[in-house]
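Welcome! Please take a moment to look over the sequence and the structure below, and then we will walk through some of the strands together.

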Amino acid sequence: MRGSSFAVEARQLSRDYVSTRRSHLVGKKITTVIKALDRVDFEIQEGELFGLLGPNGAGKTTTVKILCTLLEPTDGYALVKGYDVVNNAGEVRKIVNMVAGGERMLYFRLTGRENLKYFAELYDVPKKEVNSRINTLLELVGLSERADDEVEKYSKGMRQRLQVCRGLINDPQVLFLDEPTLGLDVNIAKDIRKFICEKIVREQGKTVLLTTHYMYEAEEMCDRVGFLSKGKLVAVGSAEELKRRMPSGFSMEVLVTRLSQEAFEDLQRLKAVKKAIITDYEGEAEGEKVDRLIINVESDQAAPEVLNFMASRECRVVSLNIRGPTLEDLFMYFTGEK
Amino acid sequence: MFLRAVLAEVEKEVKIFFFSARTLFWTLTLPLGNGLYLYFFYLPFAARSVNLEFNSATFSLDLVGFTLIGQLLYSFFTMMLLAGNTFVREREEGNLEAVLLTPANRMAVLLGGALAGAFNYVWLLLGVAISWVVFLNAGIIVADPLALVLSIVLSYLSLVALGMCFEAFFFHSRRGIMYATALQEPIMFLSGLIFPLQSMPSALLPLSYLLPLTFGLISVRLTMLGGASMWDVAVPLSVLAAMVVVFSALATWLIGYAEKSAKRKATLTQF
């Protein structure tokens, strides 16, 4: 055990994946090394809800798996409540739990209650507390009435709520939530977010690390966020701190048609424009493909200059919206990713 | 905590196995059909005997009993190989990470899986044994019931321990079932399952004596069909007891090594 004043601490955390394949059945082996995490440093305070954001393949799940002892780092180290996740893995397992979205981690032929009882036994939850803890958790997530039905009869949302119960069955001090709302419909995802914020963090004071690629989710829930891009942690801080690090506090969202690459490059040279990014957008206007531009501008007075530029290049502006930067804008600004 | 995890695993596996009343019905009734099949299969061999040489003595054993004990213990061994796939099954069902996230002793989980496997299939063995006794009247001569019970228990425990070693071996393999299948025929041959060991080429005998099934077959056959006493089977029983200890220790080390290796190579969820 090392001394650490943080609930979670990662230093120079790195993880490579080595993949070997053959060109054909008896061909020569080809080895590829993928750097999933590259010297990542961050820490999470006690009782904090920290978000790790990034697109698929950014290294979010790798980070979580290392922190909950399911994977070893290739370099660097991580501490959970002062325990090293490799050398004190047994101690770490007693005080953490993990909920993953879109994964099974439940026995479908057992009832919800039987699943929780099984995991309570594996976590050595005091015998006297097992039943009351299971009932409390089922009540909290609204599954009491279906507790004695087999999980295979549950809807996707109910299974995910049961997963949350499984994640809390050992009353963990640190909870890892790896895309917990993945694939859930809007209302259920909202309920789960509310449950995590209000019950797990605010009421029970647990430390939570949430990974997500839904920016609005992180914006709604997290005290601080870290942006992961291609295995590197490019920025960490609260949304307010990160906004202050942007050169301007305004973002312009422009939906436009007929935008050529040359026009886009020239747009970035305008005096009012600090940075411009084209993001994925699926839509058409009068049969023409629409591009979505996020433009970081000096002030909210930049609109006329941008509009004049668009008109001079015969681009048709479908809509223009000036607002303070969202977490998505911050992410794009810091990572340069769409 | 160890015992709690074992019992939790047994309870879970049994509940999953006996998921419906239909499963329970067929699990209880099919073995009786299997017993009837064996009856007609072995009827032509009734009242014949086979000589088993052991410890400078020759025991004349009922041929049907000799073969059926071989079949029963072999079924048990196959079951242990399958039980050895507990973690592989968990991985295929998407639950391995949830189990490994817990601080539960891995050996407890494995042992629970193996014991549940024994419980789930014990009806098959009982069904066959009952059919055998009732229909075939196959020359049972038990002089020392305690020696017989000890032979069965130690055979079972040594096979469980060996099954757990295989489990560790299968842990990070995508080919667990293939290896298990590949092992079946050589073990069937080497253990003296279908013929007495004295018929085995002497060069292969050292391999036979590495298998707990070999000693299990000797001690159960002698105590059940040959009227052997505890003293007569002291050697195979001692070897079986030693194998329980050695294989359990080996399995504990192997499973720890396999888990660490899988986490290092990131193969925990690959299959």
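## A word before we start

Two strands are said to pair if DSSP finds at least two bridges between them. Please keep in mind that this is a predicted model.

## The open sheet

With that in hand, let us begin with strand β1 of chain A, residues 8–22. Its link to β2(A) consists of 12 bridges, and the two strands run antiparallel. Within this pair, Val18(A) has Val33(A) of β2(A) as its bridge partner.

Both strands belong to an open sheet of four strands in chain A, ordered β2-β1-β4-β5 with antiparallel pairing. The edges are taken by β2 (29–44) and β5 (83–84) of chain A; each has a single partner strand, so one side of each is left without a neighbour in the sheet.

## A hairpin

Which strand forms a hairpin with β14(A)? That strand is β13(A), with two residues between the two strands. In the turn, Glu286(A) has a positive phi of about 50°.

Strand β13(A) spans residues 284–285 and is joined to β14(A) by two bridges, again antiparallel. Glu284(A) stands across from Lys289(A) of β14(A).

Methods:
Residues numbered from 1 in each chain as written. Chains lettered and ligands numbered in written order. Predicted model: local features only at pLDDT ≥ 70, side-chain atom pairs only at ≥ 80, totals over all residues.
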